[in-house]
Amino acid sequence: FRLYFLIGVPEETQEDRDGIVDLVKKIRHRAREKTAGKKQVGRITASINPLVPKPHTPLMWMAMAEPKELLTHIRTLSGKLKKIGGVTTIYEPPKWSYLQCLLARGDRRVADILEAALLSDENWNAAMKKTPINPDFYVLRERGEDETFPWDILDYGVDKPALYSRYKKIIS
């Protein structure tokens, strides 16, 4: 089995993350029951990845969770899942999720960071320090309801107020 989990979702709690461990335990137990007496029980791969808010979705107003906090949660989950046996944990490093969010939600000013990264052998940390652009502005900041987004010039067939209404339902 390959299971895909998102962390850093709105209103997430430790109980929610513990639920991931409980679910994997139940799946593992069921797999053992169904394969009793057979040579191969099978493996579970649990993919744990940070939620990256994307344009044209209700979560485009959401701030991404702090990468250090996400990494702590991933390491804790991985440690608990490792104890189950027969479970492999993989994940996208939060620093790459941060970068993905920056590129997805940034405006034309982010091109300066991109250019600096290309000129510094793709050293993204150095690139972000070289430019006056604050990447946290694009990644770690909740957006206001009436904020203009760089992608607002595109008509993708979904009403922005309707998306915002869905966002408010998600976070409440």
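**Exercise 1. Which residues on the other side of H4 are exposed?**

Before you start, note that this is a predicted model, in which local features need pLDDT of at least 70, side-chain atom pairs count only at pLDDT 80 or more, and totals for chains, interfaces and linings use all residues. Residues are numbered from 1 along each chain as its sequence is written, and side-chain values use heavy atoms, with hydrogens and water left out.

*Solution.*
- Step 1: find helix H4, residues 110-119; helices (H or I, at least four residues) and strands (E, at least two) are DSSP runs numbered from the N terminus.
- Step 2: pick out its buried residues, Val-110, Ile-113, Ala-116 and Ala-117. Buried means under 20% relative accessible area, exposed over 50%, and partly exposed in between (1.4 Å probe, protein chains only).
- Step 3: check how they are arranged. The four sit on the same side of H4 because they cover an arc of only 115° around the axis, the arc being that of the directions from the helix axis to the C-beta atoms.
- Step 4: turn to the other side of H4, where Leu-118 and Leu-119 are exposed.

**Exercise 2. Find what the buried residues of H4 and H3 pack against.**

*Solution.*
- Step 1: for H4, the buried residues pack against H3, H5 and helix H6 (136-139). Contact means heavy atoms within 4.5 Å.
- Step 2: list the buried residues of H3, namely Pro-94, Ser-97, Tyr-98, Leu-99, Cys-101, Leu-102 and Arg-105.
- Step 3: look at their cover, which includes strand E2 (44-50), H2, H4, H5 and H6.

**Exercise 3. Locate Glu-11 and Glu-122, and describe phi for each.**

*Solution.*
- Step 1: Glu-11 is in the loop between strand E1 (2-7) and helix H1 (14-34). Its phi is positive, near 65°, and Glu-11 is exposed, with a relative accessible area of 57%.
- Step 2: Glu-122 is in the loop between H4 and H5. Its phi is also positive, about 60°, although Glu-122 is not a glycine, and its relative accessible area is 54%.

**Exercise 4. Describe the lining of the largest pocket.**

*Solution.*
- Step 1: the lining has 14 residues, with Pro-67, Lys-95, Tyr-98, Asn-125 and Met-128 nearest the pocket centre. A pocket is an open set of points on a 1 Å grid over the protein atoms alone where a 1.4 Å probe fits, with protein on both sides within 12 Å along at least five of seven lines; lining residues have an atom within 4 Å of a point.
- Step 2: helix H2 (67-82), helix H3 (94-105) and helix H5 (124-130) each give two or more residues to this lining.
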